[in-house]
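Please open the structure in a viewer and keep the sequence panel in view.

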Amino acid sequence: MRPYLAILTARIRMLLQYRAAAFAGLVTQLFWGWIKVMVFAAFYAATGAPQPMSLQDTITYIWLGQALLLLLPFRIDAELQSMVRDGSVAYELTRPADLYWYWFSRQFAARLAPLALRAWPQLLLAGLFFGMELPVGWAPLLLFLLSLGCALLLSSAITTLMAISLLWTMTGDGLSRLLSLVSQFLSGSYVPILLFPAWAQPALAILPFRGLMDTPFQLYMGLLNGPAAWMAIAHQLLWTALFVLVGRAILARGVGRLV
């Protein structure tokens with residue numbers, strides 16, 4: 001574990017230096033979050049049909065999504081892309097560590113450090129000035145934090161799989177952009193999952209993407225509790241394990257080609 005903790009902490013220290021980028025991201029997310037709040041407020045004002053979420057819950061959901069946007073598997077590690085293009089990725093094989101977990105640690109740090117810089121000030125501002133509500137109790141808050149950790153693991157496993165694809169695609173831009181779009185749409189980043197049509201709900205419940213955002217957000221608001229809450233967290237962990245197993249299998253083939 002020591003090599004992976006070392007690369008994790010080293011990458012986090014490096015990424016925490018980008019404070020100006022974090023501030024710019026904070027301002028941008030506040031701006032787009034306010035626009036989304038106005039859009040959904042207009043939607044609720046224009047319809048008399050009962051909705052599965054109240055407007056207040058939707059506003060809280062939106063601000064959680066804006067603050068935790070970097071949970072999503074947006075992009076592949078730029079350094080890994082460069083190493084694949086110039087061939088220096090071969091040096092990765094000389095490290096006295098498991099290559100998969102080495103790359104996984106890099107991806108985990110790339111999710112965690114920018115999130116730590118942006119999330120807490122945005123949540124604070126949204127709670128003070130933009131109508132975001134606090135959790136309904138300690139139990140939902142603790143479940144939310146646990147699920148948030150699982151979402152980080154799931155996102156890192158997906159991003160590591162994207163990085164492994166570089167051994168075939170060289171740049172990985174196509175896969176990166178496709179997964180970014182799909183994960184944003186199906187995780188609840190654009191529209192809360194509960195507001196999707198009823199016919200789509202069974203498929204959305206099975207797919208892994210709701211574990212990136214929707215699951216922790218519903219736990220935060222107390223919309224999932226009891227056995228349903230633990231089933232949702234188990235869903236996150238099962239998909240994480242599956243992505244890890246698939247990633248390791250594909251990496252083994254990719255390393256064979258590289259050698």
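The stops below move from the whole chain to single residues and their surroundings.

**The whole chain**

Begin with the entire chain selected, bearing in mind that this is a predicted model. The chain comprises 259 residues, of which 49% are buried. Followed along the sequence, the pattern is accordingly α-α-α-α-α-α-α-α-α-α-α.

Next, colour the chain by pLDDT. The average is 85, and 90% of the residues score at least 70. Which elements have the lowest and the highest mean pLDDT? The lowest mean, 67, belongs to helix α1 (residues 2-15), and the highest, 94, to α10.

Then switch to a surface display. The accessible surface of the chain amounts to about 12800 Å², and carbon and sulfur atoms contribute 72% of that area. As for contacts in the chain with a separation of 6 or more, 83% are between residues 24 or more positions apart.

**First stop: R210 and D214**

Select R210, which is placed in the loop between α9 (201-206) and α10 (214-220). Is R210 buried or exposed? It counts as buried because its relative accessibility is 12%, and the cut-off for that class is under 20%.

As a general point, side chains of opposite charge can pair when their charged atoms come close.

To see the surroundings of R210, display its contacts beyond the neighbours within four places in sequence. These are L186, S187, I193, L204, A205, T215, P216, Q218 and H235.

**Second stop: L186**

From that list, select L186, which lies in helix α8 (residues 173-187). L186 is buried, at 17% relative accessibility. Leaving aside neighbours within four places in sequence, L186 contacts I193, L204, L207, F209 and R210. For a distance to check in the viewer, take the C-alpha atoms of L186 and L207: they are 8.4 Å apart in space, while the residues are 21 apart in sequence.

Move to helix α6 (residues 138-164) and select L143. With a relative accessibility of 15%, L143 counts as buried. Which residues does L143 touch, not counting those up to four places away in sequence? They are L219, A229, W230 and I233. Display P216 too: its C-alpha atom is separated from that of L143 by 7.7 Å, although the two residues are 73 apart along the chain.

How many salt bridges does the chain have? The count comes to two. To view the one between D98 and R248, select both side chains, which meet with an N to O distance of 2.9 Å. D98 lies in the loop between α4 (78-86) and α5, whereas R248 is in helix α11, so the pair ties together parts that are 150 residues apart in sequence. D98 is partly exposed, with a relative accessible area of 26%. R248 is partly exposed too, at 33%.

Remain with helix α11 (residues 227-258) and select R257. R257 counts as exposed because its relative accessibility is 54%, the cut-off for that class being over 50%. Setting aside neighbours within four places in sequence, R257 is in contact with L167 and W168.

**Last stop: a nonpolar patch**

Finally, return to the surface display and select W120, L124, L128 and F129. These residues form a nonpolar patch on the surface, and together they have about 520 Å² of accessible area. Within this group, F129 is placed in helix α5 (residues 99-129). F129 counts as exposed, at 60% relative accessibility.

Technical notes
Residues numbered from 1 in each chain as written. Predicted model: local features only at pLDDT ≥ 70, side-chain atom pairs only at ≥ 80, totals over all residues. Heavy atoms only, no water. Helix = DSSP H or I, 4+ residues; strand = E, 2+ residues; numbered from the N terminus. Buried < 20%, exposed > 50% of the residue type's maximum accessible area, 1.4 Å probe, protein only. Contact = heavy atoms within 4.5 Å. pLDDT = per-residue confidence, 0-100. Patch = residues over 30% accessible without salt bridge, like charges linked within 9 Å, V, L, I, M, F, W, Y side chains within 5 Å. Areas by Shrake-Rupley, 256 points an atom, 1.4 Å probe, with all protein chains shown as cover. Salt bridge = Lys/Arg side-chain N within 4 Å of Asp/Glu carboxyl O.
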